[in-house]
Number of protein chains: 2
Amino acid sequence: MPQFSNATIVKAANIYYDGQVTSRTVIKEDGSKVTLGIMLPGTYEFGTDGPEIMEILSGHLKVLLPGEDGWQEIQGQHTFHVPGNSKFALEVFTITDYCCSYPV
Amino acid sequence: MPQFSNATIVKAANIYYDGQVTSRTVIKEDGSKVTLGIMLPGTYEFGTDGPEIMEILSGHLKVLLPGEDGWQEIQGQHTFHVPGNSKFALEVFTITDYCCSYPV
């Protein structure tokens, strides 16, 4: 069962879209941050500061990435990259479990 | 900001009630387990194996504990104890962030 060891986990949740999207912040052993999150069905738009790597652990969704002219459909495990200082849109069809990391 | 250090967090979420209740499992430095969870508005019933200590971090809800004849209303930070091998009911009015621990 994949897990992060020797990590720091912030107790309080991050809450977006009235709780339709929630996450917990984890600081990994190497000092880098990930957020482990859940998205319930709905349509969302998020902005990035730095680049993000979104690893979908489970779920069925579509994503519209900046600079792309079409939606990408995702079912189950899949990873996509989001540039920094950009926006991306998501249409979530089934409950989606994700791990987002923030490369520097 | 309260946090767990030197802990292990399981990557995949625990999902209940079609995602209306979700949590992540954390193994603390001392080896004991907690789950950090979110409950969206709704009515739920949960069963326990061992005793549980539910720390509400934020939210507005009512709980009906086993052996009690009335619902207890909770707004914001509050902790309640649930006996082992029992059932308890929750009516959640606003998104509720919690930390559940499992004393042995």
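1. A salt bridge here is a side-chain nitrogen of Lys or Arg within 4 Å of a carboxyl oxygen of Asp or Glu. By that criterion, chain B and chain A share four salt bridges. One of them joins the side chains of Lys11(B) and Glu55(A), at 2.9 Å from N to O.

2. On conventions: this is a predicted model, in which local features need pLDDT of at least 70 and side-chain atom pairs count only at pLDDT 80 or more, while totals for chains, interfaces and linings use all residues. Residues are numbered from 1 along each chain as its sequence is written, chains are lettered from A in the order in which they are written, and side-chain values use heavy atoms, without hydrogens and water.

3. Chain B brings 30 residues to the contact and chain A brings 30 residues (contact: heavy atoms within 4.5 Å). About 2500 Å² is buried between the two chains, 66% of it on carbon and sulfur atoms; buried area is the accessible area (1.4 Å probe) that two parts lose on being put together, summed over both. Of the area that chain B buries against chain A, Ile9(B), Lys11(B) and Arg24(B) supply 28%, more than any other three residues.

4. Strand β1 (residues 3-10) of chain A runs antiparallel to β1(B), and five bridges join them. Strands are DSSP runs (E, at least two residues), numbered from the N terminus, and two strands pair if DSSP finds at least two bridges between them. Within this pairing, Val10(A) has Gln3(B) as its bridge partner.

Conventions:
Helices (H or I, at least four residues) and strands (E, at least two) are DSSP runs, numbered from the N terminus.
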